[in-house]
Amino acid sequence: MTTPADTSPEPAPDRAGSPAPERRSWLRDHSELGVCAMLLALGVLVLADALTMDVDITQRGPVGPKTVPIVVGAGLLVIAALLAVDVLRGGRGEAEGGEDVDLSEPADWRTVLLLSGIFLGAAALIEPAGFPVAGALLFWGAAFALGSRRVDRDPLIAAVLSLLTYVVFDKLLGVPLPGGPLMGVL
Amino acid sequence: MNALNSLMDGFGTALSPLNLLWAALGVLLGTAIGVLPGIGPAMAVALLLPVTYGLDPVAAFIMFAGIYYGAMFGGSTTSILLNTPGESAAVVAAMEGNPMAKAGRGAQALAAAAIGHFAGGMIGTILLVALAPTVADLAVDIGAPDYFAIMVLAFIAVTSVLGSSRVRGLASLLIGLTIGLVGLDQMTGQQRLTFGSLQLADGVDVVIVAVGLFAIGEALWVAAHLRRGGAEPIPVGRPWLGRGDLRRTWKSWLRGPFIGFPFGAIPAGGAEIPTFLSYVTEKRLSKHKDEWGKGAIEGVAGPESAASASAAGTLVSMLTLGLPTTAVAAVMLAAFQQYGIQPGPLLFEREPELVWGLIASLFVGMVLLLALNLPLAPVWAKLLRIPRPYLYAGIMFFAAVGAYAVGGEVVDLVILLVIGLVGFGMRRYGLPVLPAVIGVILGPNAEQQLRRALQISDGSVTGLVDTPFAVTVYAVIAVLLAWPLLRRPLARAAGRGRTRSDA
């Protein structure tokens, strides 16, 4: 049911000295408890939402709109507890490998945050600036965040890809995308 | 012979010039995306979903069939030439295929895989034609309790058969079910988990969930752990097979489908188990046992054929019961729902043009695949050299296109990112993604069937088990739940039986 603990991607620091790093390494080792906390919070949220529903007589049939959320919410609480037990007993979720995934290095949070920020920025731009511009910035920005530094090539590829996608989707495939002011000019 | 007539009509639909074009486009796109390292068939299909939005359902699904088979084929190219399979079903292809490529026999490995896919797909689809209408006929009278039982089966199967940890599978399923709850209750219009937001009242679109978990989640996950200086693909020429190789492989091609198809049809994890079984079978039957592990061509031909046939088997349960057994089938089910079509026993009656057009286009797609991929293989192999920043930037880009195309709303992009971050966390802590997707897709439907069944029985729980069909399904569920207890003695018995019959 559980996987060996040594698959955890963060190499556990083995400098057992003062109690503070020890506690930190315990927390890092058991960071999966955070998942339990999230599941617990989600369960409470679902249950609270279900229990505060004021269902009137429009309910048809013996099972109303509350029942299933209550079951799901309770299920979340139970699973959060079971997972916590599993983690405390030494069970670890195995981090997913892949073609381009190197689990021997610690996670690179900067890239993840940068990518998320770029994605949100592009989302904010899509309506005022139009898809071709926002899409190009998204691609260039994401490629930059992932380590590509070809200032001559990257923006060009981004612009061509974005423009091409816009034309193919909006004009050929009949999937509307906002052109923005730029397309109004062209 | 009714099925044959319908199939002929289906070919009439699939072979119209325009539909032929969509099929060809789907095959090309599917192969191109599937070859890209890091993109498995499920992500390929999810990313390419928006391409079909502007099309009518028949054309869309014809294109979709091409994408599906193309992506599967493309994936095996990656594992043979790069030895880093993107998905579990392609692991086996790498075991013998990559040593072959290293020994300069990459062309033969690719040819064995391509023809294996063709043979497996053909035989699998013929079995689909033969079986699907019968299954649909048997299932046509099933009612709400039966549907509910099938969906519970899907939930249990996807959490207990796949993955290494049941708790984590169940956690993933519950996350999916929770996302599925968001929006207006379908029967009463009651708002659930919307927090007064109008945008959430429509619910979270399944496509956004699928793209978020499969594409954004994967891109972020890889971004956090990007391998510096990745594996170099092995250059390859045009695939071909000599007479000696043909003599060794033809039996493997024919055996594979009969291992793959049954496993595809049942919720047992798609191609993972049958490809491995086929590998073991071929190894046992091979006359060149010394070559295994160093590049035995049967080890590519058999498993690839089994994988392709299991894809056809998947379609049997997906089309006739609305039961998705793999991630790709789950995304396909989402695509059906996008068009307001509910796969199930009635699909064959209500949408004959669509179903049979789809099935016929599977045959067409397979021929196109073989015709395109053998000569184009060196071109596809070039795609493996794509710089990783471009690859994952492109995934984020097309994920954004797909999510925005769903409803033209910026808030969908924000939801997409949030779900992507959830997908990231799930990858980090070994929560499988598939149960969540199945939960989102089937959850609302299961709730409706449950409530309908209880409405009919006036609240009595016996209303859920009052048909033989439902009882059978619950019995299967009980076996699945007890499986970990049964597995060891059964495996021992099976092992004994097999060695005896072989001797």
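Analyst: Helices here are DSSP runs of H or I with at least four residues, strands are runs of E with at least two, and both are numbered from the N terminus. This is a predicted model, in which local features need pLDDT of at least 70 and side-chain atom pairs count only at pLDDT 80 or more, while totals for chains, interfaces and linings use all residues. Residues are numbered from 1 along each chain as its sequence is written, and chains are lettered from A, with ligands numbered from 1, in the order in which they are written.

The axes of α2(A) and α3(A) lie 8 Å apart, at an angle of about 165°; axes are lines fitted to C-alpha atoms, for helices over the stretch in contact, and angles run from 0 to 180 degrees between N-to-C directions. The two helices are therefore roughly antiparallel to each other, a label for angles over 145 degrees.

Which residues meet? On α2(A) they include L33(A), L40(A), G43(A) and D49(A), and on α3(A) they include P69(A), G73(A), L77(A) and V87(A). Contact here means C-beta atoms, placed from the backbone, within 7 Å. By type, this contact divides into 20 nonpolar residues, two polar and one charged. Nonpolar covers Ala, Val, Leu, Ile, Met, Phe, Trp, Tyr, Cys and Pro; charged covers Asp, Glu, Lys and Arg; the others, Gly among them, are polar.

Now step back to the chain around this pair. Chain A has seven helices and zero strands. Of its 186 residues, 34% are buried, that is, with 20 or more other C-beta atoms, placed from the backbone, within 10 Å of their own. Among the contacts in chain A with a separation of 6 or more, 60% join residues 24 or more positions apart.

The pair also has a part in the meeting with the neighbouring chain. There, 69 residues of chain A are in contact with 65 residues of chain B. Both α2 (33-51) and α3 (67-88) are among the helices of chain A that each supply at least two residues to this side, while the largest share, 11 residues, comes from α4(A). This side of chain A divides into 41 nonpolar, 16 polar and 12 charged residues.

Key. Contact = placed C-beta atoms within 7 Å. Parallel < 35°, antiparallel > 145°, perpendicular 65-115°, else oblique. Buried ≥ 20, exposed ≤ 12 C-beta atoms within 10 Å, placed from the backbone.
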